[in-house]
Amino acid sequence: MASISRVVGASLVGTTVEWYDFFLYGSAAALVFDKVFFPSSEPLTGTLLAFATYAIGFLARPIGGLVFGHFGDRIGRKKLLVLSLLLMGGATFAMGLLPTYASIGVAAPVLLTVLRLVQGFALGGEWGGAVLIVSEHGDAKRRGFWASWPQAGAPAGNLLATAVLAILAGVQSEADFVAWGWRIPFLLSGVLVLIGLWIRLAIAESPIFLEAARKAPKHQRAPIVTVLRENWREVLVAMGARLAENVSYYVITAFILVYLTGPLGLPKSVGLNAVLIASVIHFITIPMWGALSDRLGRRPVYLFGALGVGGWAFAFFPLLDTRSFLWITVATTVGLVLHGAMYGPQAAFFSELFGTRVRYSGASIGYQLASILAGGLAPLIATALLKEFGGPAPIAVYVALTAVITAVAVVAARETRNSDLGEPVRAAA
């Protein structure tokens with residue numbers, strides 16, 4: 001059996017690369033895509049259009065979750081992880097080569113949208129495989145800690161994407177950045193994918209999956225059919241638990257750039273640097289929350305995070321309104337630390353809800369279906385609310401409402417800490 005540290009390292013590197021690709025698009029949508037691909041619109045409308053293509057990537061994620069989940073439950077976790085990395089990296093690299101609206105007209109945003117769909121499809125399959133291969137290698141007593149490391153790939157990827165953009169913003173003029181500088185981080189993805197692929201090919205398949213596959217009957221229902229018949233309650237729990245986690249994250253890390261550079265008139269470097277600093281703290285604290293869930297349980301830690309981000313939403317925007325870099329950084333950091341209380345235990349929590357033969361499908365469906373209603377629409381809804389009401393108070397209410405829904409879902413769930421992943425999980429009564 002491969003050592004757990006090697007498996008964790010391979011999952012973390014791979015998820016970091018994939019989230020780098022995915023988040024890079026979100027930051028670029030907030031900063032430059034309205035000018036490059038939607039230049040005929042007024043600023044906020046152009047940003048809305050850019051975020052609309054951003055949201056389309058989330059529509060493809062459940063499809064990716066279904067396809068990758070089906071084959072991941074049938075032929076294994078590792079093969080699908082390699083494929084997801086290649087698809088994501090290829091689409092991101094191709095974005096860096098796209099001609100602009102000025103060059104080919106409407107075909108430019110159309111091609112951008114197609115590549116965004118490929119990104120979403122790949123990411124839809126990535127998450128389930130990455131967290132499951134770690135969860136199924138590790139022991140039950142420390143599963144929350146080990147499984148939280150692939151989750152840390154999200155802030156690591158965001159950190160990497162934001163750092164590259166912040167460096168470019170610092171050394172380039174606005175004109176150069178819009179003209180060609182934004183392409184550099186997209187092209188850099190090609191190098192990162194090769195590194196991630198080399199590491200990921202070296203790990204072994206999940207021993208729990210191999211044992212389940214050996215015992216599986218020759219003829220069995222498709223995993224998705226079993227999940228929807230027997231585990232639909234668990235799917236709903238996962239979707240509800242995901243809502244506030246996903247909405248709060250994208251408001252804090254993507255919409256913040258729109259709010260700071262738009263109504264507040266601050267340089268884009270202020271938001272990028274604040275997210276950069278906060279992402280470092282976020283990366284460090286996610287495994288800490290995962291470890292705490294091993295001691296206290298998944299539900300209490302997750303519930304604390306949900307209620308925390310719901311309350312913090314009402315302090316977040318007043319702190320941004322100070323226009324002080326210090327308070328903007330504090331607002332972003334506290335928000336992401338509270339978010340980590342949900343995101344850290346999430347991988348183990350969702351993995352433990354489902355049996356081995358349907359675990360990839362069940363966890364992926366719950367996780368990715370919620371992403372359409374949550375993260376995919378969050379920047380779009382937040383921008384629309386800002387345009388309609390002229391202030392951030394309705395956005396805070398929006399985040400708080402999602403926190404209430406998540407709290408209800410977590411309270412309704414069973415505690416899964418110390419579950420034996422080798423045993424079949426029975427449907428909730």
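**Close-up views of a predicted model**

The side chains of glutamine 119 and arginine 116 form a polar contact of 2.8 Å in this predicted model.

**View 1. Glutamine 119 within helix H6.**
Glutamine 119 has a relative accessible area of 0%, and because the cut-off for burial is under 20%, glutamine 119 counts as buried. Beyond the residues up to four places away in sequence, glutamine 119 touches Asp21, Phe22, Tyr25, Met88, Ala91, Thr92 and Met95. The polar partner shown in this view is the side chain of arginine 116. An α-helix has 3.6 residues a turn, so residues three or four places apart point the same way.

**View 2. Helix H6 over its whole length, residues 107–135.**
The helix has 29 residues, and the distance from its first C-alpha to its last is 43 Å. This is close to the 42 Å expected at 1.5 Å a residue. Helix H6 is mostly covered, with 22 of its 29 residues buried. Glutamine 119, the residue of View 1, is one of the residues in helix H6.

**View 3. Glutamine 151 in helix H7, residues 143–171.**
The relative accessible area of glutamine 151 is 1%, and the residue is buried. Its side chain makes a polar contact with the side chain of glutamine 346, at 3.3 Å. With residues up to four places away in sequence left out, the residues touched by glutamine 151 are Trp127, Val131, Ile286, Tyr343, Gly344, Gln346 and Ala347.

**View 4. Lining of the largest cavity.**
The structure holds three cavities of 30 Å³ or more. The largest cavity contains about 80 Å³ of space. Its lining consists of Ser248, Val251, Ile252, Val309, Trp312, Ala313, Phe316, Phe317, Gly335 and Val399. Helix H12 (232–261) and helix H14 (298–320) each contribute at least two residues to this lining. H14 gives the largest share, five residues. By residue class, the lining has eight nonpolar residues, two polar residues and no charged ones.

**View 5. Glycine 362 in helix H16, residues 359–373.**
Glycine 362 is buried, at 0% relative accessibility. Its contacts, apart from neighbours within four places in sequence, are Val227, Val235 and Phe354. The C-alpha atoms of glycine 362 and leucine 66 are 8.8 Å apart in space, while the two residues are 296 residues apart in sequence.

**View 6. Arginine 417 in the segment after helix H18 (393–412).**
Arginine 417 has a relative accessible area of 32% and is partly exposed, because that class falls between the 20% cut-off for buried and the 50% cut-off for exposed. A polar atom of the arginine 417 side chain lies 3.2 Å from the backbone oxygen of aspartate 294. Setting aside neighbours within four places in sequence, arginine 417 is in contact with Ser293, Asp294, Arg295, Leu296, Gly297, Arg298 and Glu352. Between the C-alpha atoms of arginine 417 and glutamate 352 the separation is 7.8 Å, and the two residues are 65 residues apart along the chain.

Notes
Residues are numbered from 1 along each chain as its sequence is written. This is a predicted model: local features need pLDDT of at least 70, side-chain atom pairs count only at pLDDT 80 or more; totals for chains, interfaces and linings use all residues. Side-chain values use heavy atoms; hydrogens and water are left out. Helices (H or I, at least four residues) and strands (E, at least two) are DSSP runs, numbered from the N terminus. The expected span of a helix is 1.5 Å times one less than its number of residues. Buried means under 20% relative accessible area, exposed over 50%, partly exposed in between (1.4 Å probe, protein chains only). On a 1 Å grid over the protein atoms alone, a cavity is a set of points where a 1.4 Å probe fits but cannot get out, and a pocket is an open set with protein on both sides within 12 Å along at least five of seven lines; lining residues have an atom within 4 Å of a point. Grid points are joined across faces, edges and corners, and a volume is the space filled by probe spheres set on the points. Ala, Val, Leu, Ile, Met, Phe, Trp, Tyr, Cys and Pro count as nonpolar, Asp, Glu, Lys and Arg as charged, and the others, Gly among them, as polar. A polar contact is a pair of N or O atoms within 3.5 Å; within protein, one must be able to donate a hydrogen and the other to accept it, and residues adjacent in sequence count only if both atoms are side-chain atoms. Contact means heavy atoms within 4.5 Å.
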